[in-house]
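My notes follow in the order of the look-ups.

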Amino acid sequence: MRGAETVVLGIESSCDETAAALVTGDRRIVAQRIASQEAAHAPYGGVVPEIAARAHAEKLAPLIEAVLDDAGIALADCDAVAATAGPGLIGGVMVGLVTAKALAMASDKPLIAINHLEGHALSPRLADPKLDFPYALLLVSGGHCQILQVDGVGRYTRLATTIDDALGEAFDKTAKILGLPYPGGPAVEELATEGNPNAVPLPRPLVGSGEPHFSFAGLKSAVLRAAESGRHDRADIAASFQHAAIDCICDRLQHALEEMDEVTALVVAGGVAANGHVRQALERLAAGRGLRFVAPPLELCTDNAAMIAWAGIERLRQGASDPLDISARPRWPLDPRAAPVRGAGYKA
Ligand code: KG4
Ligand code: ZN
């Protein structure tokens, strides 16, 4: 496959997906493999860090070999090795980063340490060559819930974050309350299709508030009370939760967009961007404000290594590379200037 194009090997291991991918500068995902640990964590209803780290250590090397085989290239043909260096579960991040360091050293190629959130933030540009900076980004995953203005690679201004739970976390907790399997987001979305979104009165925390942030803890507690009351159908609770959560996102986005200038697109990224109702609501919101709406294909929304390889390409184009003694970071904000938010935990 080797032509003149840059090709970067990407590695992702920050949560419960072990992934490797090869991506070219002309936006081709030449090969990618993902080993999900869902089955290993399912009995616990969430990700167990020690189980995750062990599984990454077992699966990563064979996955990397497999993507190189799939593409028919050798490590020596790659231009750089990019790996998630944080934020995330530190054991898993270390497995990926140490592996990347060894490969970079053995092949004498540059190492690029990628912020996992930057992988999500730039992933829409892998899928859409027309997406230029600056854009408004809603980043919604299991650990993060932020609105950012993206002015360029490495140039992020955070306008909002969550003061308690992330949106994906709220989906996962709702799923647990409703007795649905882990991971909860897709299960809640599916059950919601059978329910009435207006059947259960639920709060919309911070909607209409002058402060910019998100809050989902009160919504989750209300879901718990509704479920425990025994008065509501589970599908109605799922649909009403999803409806309330979407109202919150749209309100917070409207608020943040007032603070941004010159953005031409509204972009959604992260695992919750896989939700069809979330996408539809954002598409309507964008159309109402004369903005393009861009959402990456589903396989690029949840954790994957193609987005890490792509972020590596974007960074490589800027001449970036990192020293082999760089450390893994459990916390790593995209916008270091953003003020910490009380109660936000590692989501800040
Ligand atoms: O980006 P991601 O794969 O991992 C993190 O970096 O957190 O996001 C995973 C999150 C989980 O909370 C999962 O429940 C949620 O994304 N998710 C969804 C859907 N698919 C995944 N939430 C709502 N609807 C979905 N269809
Ligand atoms: Zn993620």
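**Entry 1: the site.** I began with the pockets of this predicted model. The largest pocket is the space that ligand 1 takes up. I then asked which elements give two or more residues to the shell around ligand 1. They are helix H4 (116-127), helix H5 (167-177) and helix H6 (184-192).

**Entry 2: the shell.** I listed 19 residues around ligand 1, and those that come nearest are Gly142, Asp172, Gly185, Glu189 and Asp303. Sorted by class, the shell holds 11 polar, five nonpolar and three charged residues. I also looked up the domains behind the shell. Domain 1 (3-122 + 300-331) and domain 2 (132-295) each supply at least three residues to the shell around ligand 1.

**Entry 3: polar contacts.** Which side chain has an N or O atom 3.2 Å from an oxygen atom of ligand 1? I found that of His120. A polar backbone atom of Gly185 is 3.0 Å from an oxygen atom of ligand 1. For Asp303, a backbone N or O atom lies 2.9 Å from an oxygen atom of the ligand. I followed this with the cover: ligand 1 on its own has 550 Å² of accessible area, and the protein covers 89% of that.

**Entry 4: cis peptides.** I turned to omega. Most peptide bonds are trans. The bond that joins Gly86 and Pro87 is cis, with omega about -15 degrees. I placed Pro87 in the loop between strand E4 (80-86) and helix H3 (90-107). I noted another cis bond from Phe133 to Pro134, where omega is near -5 degrees. Pro134 sits in the loop between H4 and strand E6 (135-140). Helix H4 was already in my notes as one of the elements that give two or more residues to the ligand shell.

**Entry 5: phi.** Most residues other than glycine have a negative phi. I recorded Arg27 with a positive phi, near 70 degrees. Where is Arg27? I found Arg27 in the loop between strand E2 (17-24) and strand E3 (29-36).

Notes:
Residues numbered from 1 in each chain as written. Chains lettered and ligands numbered in written order. Predicted model: local features only at pLDDT ≥ 70, side-chain atom pairs only at ≥ 80, totals over all residues. Heavy atoms only, no water. Near = heavy atom within 4 Å. Polar contact = N/O pair within 3.5 Å; in protein donor to acceptor, adjacent residues only side chain to side chain. Areas by Shrake-Rupley, 256 points an atom, 1.4 Å probe, with all protein chains shown as cover. 1 Å grid on protein atoms, 1.4 Å probe; cavity = no way out; pocket = protein on both sides within 12 Å on 5 of 7 lines; lining within 4 Å. Sits in = over half its atoms within 2 Å of the grid points. Helix = DSSP H or I, 4+ residues; strand = E, 2+ residues; numbered from the N terminus. Nonpolar A, V, L, I, M, F, W, Y, C, P; charged D, E, K, R; others polar. Domains from an automatic or database assignment.
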